[in-house]
Amino acid sequence: SSGINAEYGVNLETWSIKSDQRIPEACEIPIICKPTKFPRNLHIDNWFDLETSELGANFKVDQDRATESSDAEFSSVRGLLTWSNREDFKLCCSINAVISGRALTAISLTPTFRKDVWEYAVYRYQHKLFIDQRVKKHNEAQFESQSNDHEKTFGRWGKKFEDIMRHGDDQNDCYRGEDVDVRVNRVVTIGSHSILTNSKVSCQYSNDNYKNKLNGYIELKTHNELQNWHQKKSFCQFKCQKVWARSALLGLQTVYFGLRSRDGQLREVRRHTSDDLAELGRNYWRPHQMLSFVDELFDWLAEFTVEGLTYTMKSLN
């Protein structure tokens, strides 16, 4: 992708919902096994059984950490620092070094997603900028958990879709719950800034030419069926941009979309590259605008933040 330079090699960090260990352990990235039989049911019939099991309890803990960031120890920046310390990885000590996890995606979307309000903590230490989720108050987290029922449903359908894409036509309607959260930790250059960040990898190709290599890693996403002009426009304008921001910024080139009906039936699977996504969204957004905004914002933060102080940075709609 133009404007992005991936400087260093790929290193893997894996969080498994099957354990409650605080230090992630490496595991094999699942191999893609694309199904050929449709439709497929995305509902998880045994979800309530999972929630009462040890696996389900760990899954709920994992979700809470990822979405609420109630404990700073499990923030995305903490995960990056845990990995860098263990691997004895040294980020360059220039004034333009940035450590940012999920915040990088949200920030890059700001020029066109003005209604998506975000808020992050910014800390400057030893010439580096740390940008992380703001720790939410209990009442804020409780309100969000009550107001996101639809998102929870779509999230469960997404988990089932990942399950299907890892087992193909051998997958039955029972959710196996074999989730792992595999993330690529990588240093990328945007403008003058070296950024240590990460992104999720859902699975990979089995071919030896691609296995355990960046161009063989795959992201999986679900979306409504594209049956009319409005749905196609929404897909190109919003979904493609969000997925591009999450994958292309890390150099991930391949995304499979599971197109689902309103009642949670998987109807079709489509493959796109990050270049495809940019082409589909060309009438609505431009990658260079997103990258320029990130570069200019980090320039501003490097110039006006003070060493040792913590700031709150938020977007306004």
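**Notebook: salt bridges**

I started with R282, which forms a salt bridge with E279, the closest N and O atoms being 3.1 Å apart. I noted the cut-off: a salt bridge is a side-chain nitrogen of Lys or Arg within 4 Å of a carboxyl oxygen of Asp or Glu. R282 is partly exposed at 40% relative accessibility. E279 is partly exposed too, at 44%. For these words, buried means under 20% relative accessible area, exposed means over 50%, and partly exposed lies in between (1.4 Å probe, protein chains only).

I checked what I was working with. This is a predicted model, where local features need pLDDT of at least 70, side-chain atom pairs count only at pLDDT 80 or more, and totals for chains, interfaces and linings use all residues. Residues are numbered from 1 along each chain as its sequence is written, and side-chain values use heavy atoms, without hydrogens and water.

How many salt bridges does the structure hold? I found eight.

Next I looked up K242 and D116, whose side chains meet in a salt bridge at 3.5 Å, N to O. This pair links distant parts of the chain, 126 residues apart. K242 sits in helix α7 (residues 229–247), and D116 in the loop between α4 (103–108) and β5 (119–125). Helices (H or I, at least four residues) and strands (E, at least two) are DSSP runs, numbered from the N terminus.

Then I turned to K314 and E119, which form a salt bridge with closest N and O atoms 3.8 Å apart. K314 lies in strand β13 (residues 310–314) and E119 in strand β5, so the pair ties together parts 195 residues apart in sequence.

Last entry: E162, R166 and K200 are linked in a network of salt bridges.
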